Amino acid sequence: MPFELDRVDPNETLTEDAADDLASARPARTSQTYAEQWRYFARWCADNSRHPGPRTSEANMVSYISHLRRRDGRDGRDGTGAPVSSLRLAMAAIRDANARAGYKNWPPKKATAELIRKQAGEHARARRTPKSSPPVDAARIAHFQQGTTAGGPLARWRDLTILHLGYRTRARRSEQAAYRIDSIAFEHLGDGTEQMVIGKRTSKNDHWSTGREYVIRDPVAIIVVRTYIHCSPNSTKGKRSCHYFVASPDGASSCLSPPPEPT
């Protein structure tokens with residue numbers, strides 16, 4: 001059954017260049033997730049003889065979220081439907097697709113938000129809480145360090161570096177992958193000790209990419225990172241601007257000493 005699309009006011013529609021700029025203005029992973037959620041919504045609309053938009057009707061968004069609330073399957077547990085986080089993601093993806101088509105703050109979210117709050121309340125009463133990993137602390141870091149069993153010395157130093165910098169700088173995977181050798185500086189202090197300064201160029205919560213520096217004084221972390229940089233082929237070749245997590249053969253003589261024991 002064909003649908004008659006709403007007449008679009010060009011003054012309320014993005015130009016093609018503006019739409020392309022917006023599409024590339026955020027992390028690719030976020031765009032992929034939203035696109036996937038939009039496909040799910042569009043498929044549901046097609047199965048139910050509805051038009052997904054943009055411009056998406058409020059009734060379609062509310063009805064879709066209601067469908068997810070009641071659905072059993074891999075996202076549901078004990079017949080309680082989709083997790084609250086999945087409902088929020090679906091609503092965000094639908095509104096994002098409309099915003100990028102020129103319909104800002106559309107569809108209205110009041111009714112949909114009420115359904116999501118209802119789902120949250122039902123899950124709370126059923127003692128269904130969001131899944132989360134236990135917090136990482138120094139004891140867990142020591143445990144993880146003992147468990148790094150990479151095949152060669154250089155790979156082991158790399159794994160330990162990822163472990164310590166990830167913990168000390170609270171870095172996500174993408175943020176760690178963006179670290180470079182020249183992101184790290186070692187400084188000697190007046191009391192004879194040493195500190196390591198890590199520059200995080202950007203992060204998910206750093207919306208203006210102003211960057212942030214982390215000061216690390218843990219001696220084990222300093223030894224681990226210094227040794228890995230010393231062993232890195234890019235460092236020995238003077239490539240200070242290269243990423244330090246590089247795939248390279250093990251066996252450099254300077255990397256054969258064992259890592260320090262965890263504290």
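User: Which rings count as a pair, and how many aromatic pairs does the structure hold?
Analyst: Rings of Phe, Tyr and Trp pair if their centres lie within 6.5 Å, with the six-membered ring used for Trp. The model here is predicted. By that cut-off, the number of aromatic pairs in the structure is 4.

User: Is the pair of Phe41 and Trp44 stacked or edge-to-face?
Analyst: The ring centres of Phe41 and Trp44 are 6.5 Å apart, and the planes are at 20°. Planes under 30 degrees apart count as stacked, over 60 as edge-to-face. The pair of Phe41 and Trp44 is therefore stacked.

User: Where do Phe41 and Trp44 lie?
Analyst: Phe41 and Trp44 are 3 residues apart, about one turn of the helix. Both are in residues 28–47, which is helix H2.

User: Is Trp44 buried or exposed?
Analyst: Trp44 has a relative accessibility of 12%. Buried means under 20%, exposed over 50%. So Trp44 counts as buried.

User: How many residues apart in sequence are the parts that the pair of Phe41 and Tyr64 ties together?
Analyst: The rings of Phe41 and Tyr64 have centres 5.2 Å apart and planes at 65°, so this pair is edge-to-face. Phe41 lies in helix H2, and Tyr64 in helix H3 (residues 58–70). Both Phe41 and Tyr64 are buried. In sequence, the parts tied together are apart by 23 residues.

User: Which residues do ring pairs link into a cluster?
Analyst: Phe41 forms an aromatic pair with Trp44. Phe41 also pairs edge-to-face with Tyr64. The cluster linked by ring pairs consists of Trp38, Phe41, Trp44 and Tyr64.

User: Are H4 and H5 roughly parallel or roughly antiparallel?
Analyst: Helix H4 covers residues 84–100 and helix H5 residues 110–125; their axes are 9 Å apart. The angle at which H4 and H5 pack is about 170°. Angles over 145 degrees count as roughly antiparallel. So H4 and H5 are roughly antiparallel.

User: How many nonpolar residues does the contact of H4 with H5 have?
Analyst: H4 brings Val84, Leu87, Arg88 and Met91. They meet H5 residues including Ile116, Gln119 and His123. By class, the contact has 3 polar residues, 1 charged and, for nonpolar, 6.

User: Is Lys110 buried or exposed?
Analyst: Lys110 belongs to helix H5. Its relative accessible area is 64%. Over 50% means exposed, so Lys110 is exposed.

User: Which residue's charged end sits over the ring of Phe186?
Analyst: Arg170 lies over the face of Tyr167, 5.1 Å from the ring centre. Over Phe186, the charged end sits 4.3 Å from the ring centre, and it belongs to Arg226.

Key:
Residues are numbered from 1 along each chain as its sequence is written. This is a predicted model: local features need pLDDT of at least 70, side-chain atom pairs count only at pLDDT 80 or more; totals for chains, interfaces and linings use all residues. Side-chain values use heavy atoms; hydrogens and water are left out. Axes are lines fitted to C-alpha atoms, for helices over the stretch in contact, and angles run from 0 to 180 degrees between N-to-C directions. Helices (H or I, at least four residues) and strands (E, at least two) are DSSP runs, numbered from the N terminus. Angles under 35 degrees count as roughly parallel, over 145 as roughly antiparallel, 65 to 115 as roughly perpendicular and the rest as oblique. Contact means heavy atoms within 4.5 Å. Ala, Val, Leu, Ile, Met, Phe, Trp, Tyr, Cys and Pro count as nonpolar, Asp, Glu, Lys and Arg as charged, and the others, Gly among them, as polar. Buried means under 20% relative accessible area, exposed over 50%, partly exposed in between (1.4 Å probe, protein chains only). A charge sits over a ring if NZ of Lys or CZ of Arg is within 6 Å of the ring centre and within 35 degrees of the ring normal.
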